[in-house]
Amino acid sequence: MITIIDYDMGNSRSIVNMLNRIGVSAEITRDHSKINESKKIILPGVGSFDAAMTNLKKYNLIDILNKKVLLDKIPVLGICLGMQLLTDSSEEGDMDGLGWIQGKTIKFTPSINIKVPHMGWNLVTPKSDSKLCKDINVDSRFYFVHSYYVKVLNKVDSCMQTNYSLLFDSAVERENIFGVQFHPEKSHKYGMQVLKNFSEIQC
């Protein structure tokens, strides 16, 4: 069972449907007792950085998430905005992020060559020794919708990169902490593989 955090900011039902397609059960909840018993967590996210952090505080979720991730060391996967929340801060807002991955979330600069938001299918360059990237090839394509991208402080924390006028960190991995900027629930067989990999991770 994977616990998907409900804080009014995610496309959670689509994630559950994709997990069910690969034979993985999941529940959407903000109930602290259920989160405390969880063995794996997904932190989805659609919307703005400060609104997401505000809602996590509103539902008193930050302390229990810190406990599960930093003390109990259970695997956690941030998706889209959920990955950005793993970082220290974002140019989108003024609030601190969760700070589980050292880095910053930065706004794409529109130009004649690129449109913002970055929306649609794009390739990733996976790291070969990554648990999250198992069986992900260089021709794997994922679906992105975002105006901000993550830049990690320590390159060892980056497990996928994507080119959109610049190379950005499209997935992160450090110990039990994982994040993807793309939407695996919208990325067909490639997204299914990423979710399968996450479901099989043992930390």
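This is a predicted model: local features need pLDDT of at least 70, side-chain atom pairs count only at pLDDT 80 or more; totals for chains, interfaces and linings use all residues.
**Overall build.** Six helices and 13 strands make up the secondary structure. The radius of gyration is 15 Å, close to the 17 Å that the globule rule gives for 203 residues, so the protein is as compact as a globular protein of that length. Along the principal axes, the C-alpha atoms fill a box of roughly 50 × 40 × 30 Å. Buried residues account for 53% of the 203 residues. Among contacts with a separation of 6 or more, 70% join residues 24 or more positions apart. The exposed surface comes to about 9,200 Å², and carbon and sulfur atoms supply 49% of it.

**Helix α1.** This helix spans residues 12-21. Its buried residues are S12, I15, V16, M18 and L19. They cover an arc of only 165° around the axis, which puts them on the same side of α1. An α-helix has 3.6 residues a turn, so residues three or four places apart point the same way. The face turned away from the buried side carries the exposed residues R13 and R21. Just after α1, G23 takes a positive phi of about 80°.

What covers the buried residues of α1? The cover includes these elements:

| Element | Residues |
|---|---|
| β1 | residues 2-5 |
| β2 | residues 26-29 |
| β3 | residues 41-43 |
| β4 | residues 76-79 |
| α6 | residues 188-200 |

Key: Residues are numbered from 1 along each chain as its sequence is written. Side-chain values use heavy atoms; hydrogens and water are left out. Helices (H or I, at least four residues) and strands (E, at least two) are DSSP runs, numbered from the N terminus. The radius of gyration is taken over C-alpha atoms; the globule rule is 2.2 Å times the number of residues to the power 0.38. Buried means under 20% relative accessible area, exposed over 50%, partly exposed in between (1.4 Å probe, protein chains only). Contact means heavy atoms within 4.5 Å. Accessible areas come from the Shrake-Rupley method with a 1.4 Å probe; for residues, only the protein chains shown count as cover. The arc is that of the directions from the helix axis to the C-beta atoms.
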